[in-house]
Amino acid sequence: MDRKLNYELVRTTAQEAGYSFTKLALDVGVSKESVSKWLNGEANPRPGKAIKLGRLLKLSYEQMFGARDRTNEPQVAFRLTRNQEPSEEHHERAREMGRMYEELVPYLPFNRFEAPPRLKSPSVDYDYLDLLCTSLRREMGLEADVPVSLPTLFKHLSDKLQAVTVPVFWGHRSGRAELAAHIYSPKTKTTWIPFNLDTKLWDARFWVAHELAHVYTFDVLSETASEEFSDAFAGTFVFPVSVTKKAYEELAGVRLKSHKLDVLLSFGKQMHVSPICVAKQVDRFAVARKLPAVHAEYEGFYPAVAKILKREKTLAEEFFLGEEPSVSQLLEAATNIFKSPFFETLSKYLKANGGNPAFIQGLLDCSMADAKALNNELA
């Protein structure tokens, strides 16, 4: 963080509000020593803690740190679970991560840095998406009715678009809602995609395709329009129209809800996507082709799927056989599965600039214990 906390303002405001260092530390969720350093100008709070501090004291981020010229600020998009809306805390934390990613750029293995290609006129029109996704699948060497593998998606992001996937653990057990983020740096013309390894396995392909769509449309569409397009693109890409047609035809003859769910699960298993994705694509197909509705998203569908979802593995559980991965296992997965140069790049940075667990913690938004373990391995 290159801006310093206006500690005198924060300290005065805290005193006027009746906050002692001890109470402020308790309410923000840090040690008394940390608060003492903040309010004496010796250290800055991390973005999440800074925003929490501001809420307690009714101070804006700009009041605490001063206005920032956002012309070359990292641009951020978030996808959260349970249709939650990303907060300013989510955005500021991601922007801070983006500023730190910019420090790694000289160590990336790419030969050149340029903005990723953009779609000229992205649209959620059904036939447009069918043509676009068919073209991209062909570019990746995929037939229309073949499930896309995660390494294929990640390889396209890295090799063709120079987007850097950052494997992170923002666990469902800790209650965090982020599935993935998309961070584009206009300053360095680089794209970074922190991807949550605690994402459910059957959702993973959809969310990677969602981030792929963001790369192609990030500064073309508004945030709302970009999310709408990315959802529509991802569904069509991972569950193509040719397969959707077959699913529709099979569902057209089904009346019992339990049988509908069986069909949706079967097609989801075939293409390695969730039955929710299948249902949404089938219903969109019926509307686009002006066919009778089969009501794939029937009443009671979502509660039934939620029960199944609880038993579904996460990416981490699949890749690491249910065990907490070692640092070496994580680094191996980053290379072989995510096709990502991130940890190789981070290692070069640390060796050139000295080990720095605090930097790693901010970069990955992880615990200090994990940051120290990575620092020991990479530096």
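How many positive and how many negative side chains does the protein have, and how far apart do the centres of the two sets lie? The protein has 49 positive and 49 negative side chains, with the two centres 1 Å apart. Here Lys and Arg count as positive and Asp and Glu as negative, while His and the chain ends are not counted; each charge is placed at NZ of Lys, CZ of Arg, CG of Asp or CD of Glu.

A note before the views: this is a predicted model, in which local features need pLDDT of at least 70, side-chain atom pairs count only at pLDDT 80 or more, and totals for chains, interfaces and linings use all residues. Residues are numbered from 1 along each chain as its sequence is written, and side-chain values use heavy atoms, leaving out hydrogens and water.

**Figure 1. The whole protein, to get your bearings.** You will find 19 helices and 4 strands here; helices (H or I, at least four residues) and strands (E, at least two) are DSSP runs, numbered from the N terminus. Along the principal axes, the C-alpha atoms fill a box of roughly 70 × 50 × 45 Å. Buried residues make up 51% of the 379, where buried means under 20% relative accessible area, exposed over 50%, and partly exposed in between (1.4 Å probe, protein chains only).

**Figure 2. Two nonpolar cores.** A nonpolar core is a set of buried Ala, Val, Leu, Ile, Met, Phe, Trp, Tyr and Cys residues joined through side-chain atoms within 4.5 Å. The largest one has 98 residues, and those with the most contacts inside it are Trp-192, Phe-233, Phe-237, Phe-342, Phe-343 and Leu-346. Helix α9 (residues 201-217) gives the most to this core, with 11 residues. A second, separate core of 18 residues includes Leu-5, Val-10, Trp-38 and Met-64.

**Figure 3. Phe-343 and its partners.** Contact means heavy atoms within 4.5 Å. Beyond its neighbours within four places in sequence, Phe-343 is in contact with Pro-167, Leu-330, Leu-331, Ala-334, Leu-364, Leu-374 and Leu-378.

Figure 4. Thr-335 sits in helix α16 (residues 327-336) and is partly exposed, with a relative accessible area of 48%. Not counting residues up to four places away in sequence, Lys-339 touches Pro-151, Phe-154, Lys-155, Ser-158 and Ala-334. By contrast, the C-alpha atoms of Lys-339 and Tyr-302, 37 residues apart along the chain, are separated by 34 Å.

**Figure 5. Two loop residues with positive phi.** Gln-162, in the loop between α8 (150-160) and β2 (163-168), has a positive phi of about 55° although it is not a glycine. Gln-162 is buried, with a relative accessible area of 14%. His-272, also not a glycine, has a positive phi near 60° and is found in the loop between α12 (257-271) and α13 (275-288). His-272 is partly exposed, with a relative accessible area of 38%.
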